[in-house]
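Welcome! Please take a moment to look over the sequence and the model, and then read on for a guided tour.

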Amino acid sequence: IAIHERLTMASSPRKVIELLAEDLRTAKRRDPAARSTLEVALAYPGVHALWTHRVTHAMWAHRHLRTPARVLSSLARMATGVDIHPEAKIGRRVFIDHATGVVIGQTAEVGEDVVIFHGVTLGGVAMTQGKRHPTVGNHVMIGAGAKVLGPITIGDGAKVGANAVVTKDVPEDAVAIGVPAQLRQKPETRMVEEDRDLIIDPN
């Protein structure tokens, strides 16, 4: 999954602003309940959490700004219910739907065009230095309450079902459902909007 270069894109104020605008457009396009861009900008905690993360991630590149970045991310967690470490890498056109209870750990990497529902954890299984959180590819959907744990890889186009617990790699275009997660055949299309019912209700 060649996503690392694209993920490190919040390196200048101009790029951060471009990402903020794109996050807004993405949420408006992804959520059928969104009535206007203004409503999304004012009332969507997932967008607010991503916006804050874009800023704190850019701050994290400067060692003297790391403590302020952590403080700002903590304030965002209290305001939005979303906990994203400033060092985590999040790509473009990511949508965090409903948002509450989402946790994205320090060494997590999230690709482009990813949909994450509420209650999702991209967490670790060990208290050690180094890579300990998941790498999520492009065009991935992660259902409500899912736990994706450890330095594993979720391949491009994969789907993780609601409340699944995933501790092993998920191949491209696969569906992981259950506790522990089992792999199933994925529907033919990679368009995330068309897989919502499968992910929300895997039964």
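The report below goes through a helix, a sheet, the cores and several loops.

This is a predicted model, in which local features need pLDDT of at least 70 and side-chain atom pairs count only at pLDDT 80 or more, while totals for chains, interfaces and linings use all residues. Residues are numbered from 1 along each chain as its sequence is written, and side-chain values use heavy atoms, with hydrogens and water left out.

## A helix with a buried face

Let us begin with helix H5. Helices (H or I, at least four residues) and strands (E, at least two) are DSSP runs, numbered from the N terminus. H5 covers residues 66–80, 15 residues in total, and spans 21 Å from its first C-alpha to its last, close to the 21 Å expected at 1.5 Å a residue. That expected span is 1.5 Å times one less than the number of residues.

Which residues of H5 are buried? They are Ala 69, Ser 73, Ala 76 and Thr 80. Seen down the axis of H5, these buried residues fall within an arc of 55°, so they line one face of the helix. The arc is that of the directions from the helix axis to the C-beta atoms. Here, buried means under 20% relative accessible area, exposed over 50%, and partly exposed in between (1.4 Å probe, protein chains only).

The buried residues of H5 pack against helix H4 (45–60) and strand S1 (83–84); contact means heavy atoms within 4.5 Å. After H5 comes Gly 81, with a positive phi near 80°.

## The parallel sheet

Next comes an open sheet of 5 strands, in the order S1-S4-S7-S10-S13, with parallel pairing. S1 and strand S13 (165–166) stand at the edges with a single partner strand each, so one side of each is left without a neighbour in the sheet. Two strands pair if DSSP finds at least two bridges between them. Strands S7 (residues 121–123) and S10 (residues 147–149) run parallel and are joined by 3 bridges. Leu 122 has Val 148 as its bridge partner in S10.

Beyond this sheet, strand S12 (residues 159–160) runs parallel to S14, with 2 bridges between them. Lys 159 stands opposite Val 175 in S14. S14 is covered on both faces: Ala 174 and Ala 176 are buried on one side, and Val 175 and Ile 177 are buried on the other.

## The cores

A nonpolar core is a set of buried Ala, Val, Leu, Ile, Met, Phe, Trp, Tyr and Cys residues joined through side-chain atoms within 4.5 Å. The largest has 31 residues, and those with the most contacts inside it are Ile 104, Leu 122, Ile 142, Ile 154 and Val 166. H4 and strand S14 (174–177) each supply at least two residues of this core. Apart from it lies another core, of 10 residues, which includes Leu 24, Tyr 44, Val 47 and Phe 117.

Neighbours within four places in sequence aside, the contacts of Val 166 include Val 148, Leu 149, Ile 154 and Ala 176.

## Residues in the loops

The table gives the place of four of them.

| Residue | Loop between |
|---|---|
| Gly 91 | strand S2 (89–90) and strand S3 (95–97) |
| Thr 107 | strand S4 (103–104) and S5 |
| Asp 113 | strand S5 (109–110) and strand S6 (115–117) |
| His 139 | strand S8 (135–136) and strand S9 (141–142) |

Is Gly 91 buried or exposed? At 1% relative accessibility, Gly 91 counts as buried. Gly 91 and Asn 138 are 47 residues apart in sequence and 8.6 Å apart in space, C-alpha to C-alpha.

Thr 107 is also buried, at 15% relative accessibility. Its side chain makes a polar contact of 2.7 Å with the side chain of His 133, and a polar atom of the Thr 107 side chain lies 3.0 Å from the backbone nitrogen of Arg 132. A polar contact is a pair of N or O atoms within 3.5 Å; within protein, one must be able to donate a hydrogen and the other to accept it, and residues adjacent in sequence count only if both atoms are side-chain atoms.

Asp 113 has a positive phi, near 60°, and is buried, with a relative accessible area of 10%. His 139 has a positive phi near 60°, and is partly exposed at 29%. Finally, a cis peptide bond with omega about -10° joins Val 179 and Pro 180. Pro 180 sits in the loop between S14 and strand S15 (182–185).
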